[in-house]
Structures are given as C-alpha cells and as structure tokens.
Amino acid sequence: MITSGRRIEILLAVIAVFGLLFLTGYTVVAAAENDIADIGGAWQRYGIMFNAANMATGDKNIPPPVSDPPLKAEFLREWQAQRQARRDADAAGTPIANPNYVNCIGDGMPTMMVAMFPIEFLLSDGQITIIEEAYTQVRRVYLDQQQVTLDDIEPGFFGHSVGYWKEGVLHVDTIGIKDYVQFQYTPHSRDMRINERFYKVAPDILWDEITITDPEYLTQPWVFTYAYKHMPGYKMQEYICEANREYVDEHGYQQIKIGE
Amino acid sequence: MKTGICSLLRGILYFNLLVFGVAAAVSAHHSFAMYDHKSTVTVNGTVTKFQWTNPHAYLELDVYDAKSNMTHYSIEMTSINMMRRLGWKSSLIQSGDQVKATMAPLLNGKPGGLLLDVTLPDGKVWETGVPAANTFARTPEVVIGVMQP
C-alpha cells in the first residue's frame, strides 16, 4: 500500500528526473546547434586568385593565393623544372597536354575544392556530401566517426573523409588519395593527409582552409585557403564529359580534332 | 546583347564566376595557349553543327570565299555549364544559320579557333564566357568568308 505522501514523493522524483533529462537534452541539442554552421546549398568560387596584383582589392574575404608547395629540395627541383617546361610550351603555343583532361577524368582531392565550377553541400544525418558540378565529382564526409587506417581503404580520387563540427567550424580529415591524383602537379606519398576547416567569414562567404601534410615529400604542412560565395537558389547542372575533342599528339602536346 | 533584363542580370551575376573563378582552375584542366592571344579573326560561315557537349561546345562552320571555295572551320567554345549560366541554350544556334564568329585562331594554322563572340542571324551578339577573355587582344577586323545568299 502506497501512502499519499509516498505518491507525492514518487511524482516529484519522476518530475525531477524528466526535468533533468529535458534540461540535459536541451543543453546538448543547443550546443550541437551552436556548433553547426549553415553551409548547405550551392557555392561559387570567390575572389581573384590568378594574379597577385589583383589581390589589392582590399577585400578581406579573399584569402591569399596558394603558395608553391613546400617540397623537399630533391622533389622541388623536378617540380620547378616541369612548371618551367609547361610555361615554355605555353609561350610557344604548344601546350603540354593534361592527360586527365584528355581522358575526361575529374580532379579528385584537393583540386576539386578549387571549385572551378559551383560546388554544393548537402547536409544529412551523419554525413555531409560535397558535389562539384564539373565532372559531377562527389565527396562524402562521415561525421563523428573515427578515421580508418590506410590498410582499410583503397586509394581513390576523393579518399576517405571523416569530420565533426565544433564552434561553427567543420573539421574534415581525408586520407587515401591515389598517387597520380595531384594538386598543382605536386607529388605525394600514400601517407598524405588533407585537413580542412570550413567556416564562414561572412554570412554568404565560406572559407575552406586546407592543410596538406606529407612528411615524405613536404618540409612542412602546405596551407592554403579557398573562398566561396553562396549562390542562393542555384540549381546544380549535370556535367558529363561526353565528347572531348582534345588529344595528345606524338610530342605530348595538346591538340584538338578539327571537323565534325 | 541578350534578351530581357533577367538574362542580363544573370549574366552579370555569374560574370564573376566565369572570369575570376575559373581561369586559374581551367589552366590546370585545359590550356588555351594553342590559340593566338595577339590577334582575332572574323569568320562568316554557315553552321553545319552546334555541338552542345562537355567539356566544351563546338561550332562547326562551312566558310566560302568569293570564288565559292569552301573551308570547314571547327571553333571551340567553353563548357556548356558556363554557357548556360550566361543564358545560352542548345537551340540558340541551328544548322543552316549564317553567323559571324569572332575567334582567336589556332596558332598551328589549321582552320579553327576559340570563339570569343558570335553574331546570330537576328543580329544579336553572344559571348561564350571564355576564361580570362581579356587576355585575347582584339585586333582590327580580318574577315574570312562571305555570307551566302
């Protein structure tokens, strides 16, 4: 037999427990909401990044241009020689063909984040999906998961990405990029790691701060940032590389097929 | 010229993307160094095909000289995604249309070039949004081909 006094005690205890759960839950949800920034939708590359002189716009939302890779001396020499060869070929009007372009192969990581074409962020439970319009490239960032080991995955164009939100910043860790998927023709090892921090610097401007670490090839982390401007209402278009007329001639130069 | 204020505004809105947001990245994909950056050529011709594809569109022209000798030209454009953002449609140019194409010619002398703008039969001029278009010097008009009756 439960007395009325005992009933009141039980009722108060139940209210206290539910109240505590409610408050605890509310606190967790509120913190999580504060951590997450609204980055959904389509974005276009923002800023004039091709000529250092153009940086004098005074727009602080435009990050500095990408520096040369901090390659170790033995790799840097080859990288510089290849760059000079490309410049000389361009100056001669006989550009060296880019095999990926000729074969309709997309950029992979991190070149995809250059966002030559619009990019789109899709936010869903446990995953953020990043799509670039060009070549319909897709990255999947698995949230709040431990990163796998290199033995667990096969190298690919986009690698394996995990991420988490903290104080409005999306942190992403990516490993597992194929050796011939290169950013600015920069060689890398299987151990290359790409860390990204996505955060808004203005309501409609998103930055992706990219840090590449690769002790086998780099003397220090290679850090650079891309900025994107929101494209409200933009509908991403399909992109299929279906008819590339470009080919590589016997000298390795880029040519196009003339005629239908 | 584009039809309607909406198209104009859309063109302005995405101009930044095309000119400033693409050139460096495009250089990693594709070089336009095979085209003459120091002179332009105007080609009058009859469209045999408007190839609406990625990675780039192409305009195919039969070009006749005053003696009715024909030379076929292939003129490269940009990505159809970029062109769509500027208001282009695949139906904008039809086979049989007579057009005036301003192009940066191929440096290797072959009959082709990079399309900078095209004047359609209705007199409207359309630009293709070539990345870093301002690096192609516009020179006094050198006309190849005559419009067919």
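**A loop in chain A, and what lies around it**

Author: Pro110(A) sits in the loop between helix H3 (99-102) and strand E2 (119-124) of chain A. Those labels come from DSSP: helices are runs of H or I with at least four residues, strands are runs of E with at least two, and both are numbered from the N terminus. Before we go on, bear in mind that this is a predicted model, where local features need pLDDT of at least 70 and side-chain atom pairs count only at pLDDT 80 or more, while totals for chains, interfaces and linings use all residues. Residues are numbered from 1 along each chain as its sequence is written, chains are lettered from A and ligands numbered from 1 in the order in which they are written, and side-chain values use heavy atoms, with hydrogens and water left out.

Back to the loop. The bond joining Met109(A) to Pro110(A) is a cis peptide bond, with omega at about 0°. Further along, Ala115(A) lies in the loop between H3 and E2 too, and its phi is near 60°, a positive value in a residue other than glycine. Why point these out? Most peptide bonds are trans, and most residues other than glycine have a negative phi. Ala115(A) counts as buried because its relative accessibility is 0% (buried is under 20% relative accessible area, exposed is over 50%, partly exposed is in between, using a 1.4 Å probe and protein chains only).

There's another positive phi to look at in chain A: Thr136(A) has one of about 50°, although it is not a glycine. You'll find Thr136(A) in the loop between strand E3 (127-132) and strand E4 (137-143). With a relative accessible area of 40%, Thr136(A) is partly exposed.

Now for a couple of strand residues. His160(A) belongs to strand E5 (residues 160-166) of chain A, and at 15% relative accessible area it is buried. Its side chain meets that of Gln147(A) in a polar contact of 2.7 Å (that's a pair of N or O atoms within 3.5 Å; within protein, one must be able to donate a hydrogen and the other to accept it, and residues adjacent in sequence count only if both atoms are side-chain atoms). Leaving out residues up to four places away in sequence, the residues His160(A) touches include Tyr142(A), Ile153(A) and Asp173(A) (contact means heavy atoms within 4.5 Å). His171(A), in strand E6 (residues 169-175), is buried as well, at 18% relative accessibility. Among the residues it touches, again not counting those up to four places away, are Tyr164(A), Glu196(A) and Arg197(A).

Let's zoom out to the whole of chain A. It has three helices and eleven strands, and along the sequence they run α-β-α-α-β-β-β-β-β-β-β-β-β-β. Of its 260 residues, 43% count as buried. If you take the contacts between residues at least 6 apart in sequence, 52% of them join residues at least 24 apart.

Chain B has three helices and seven strands, in the order α-α-β-β-β-α-β-β-β-β. Buried residues make up 55% of its 149 residues. Chain B has a cis bond too, from Asn54(B) to Pro55(B), with omega near 10°; Pro55(B) is in the loop between E1 and E2 of that chain.

Finally, how do the two chains meet? In the model, 44 residues of chain B are in contact with 40 residues of chain A. Together the chains bury about 3400 Å², 57% of it on carbon and sulfur atoms (buried area is the accessible area, found with a 1.4 Å probe, that two parts lose on being put together, summed over both). Between the chains there are two salt bridges (a side-chain nitrogen of Lys or Arg within 4 Å of a carboxyl oxygen of Asp or Glu). One of them pairs the side chains of Glu133(A) and Arg85(B), at 2.5 Å from N to O.
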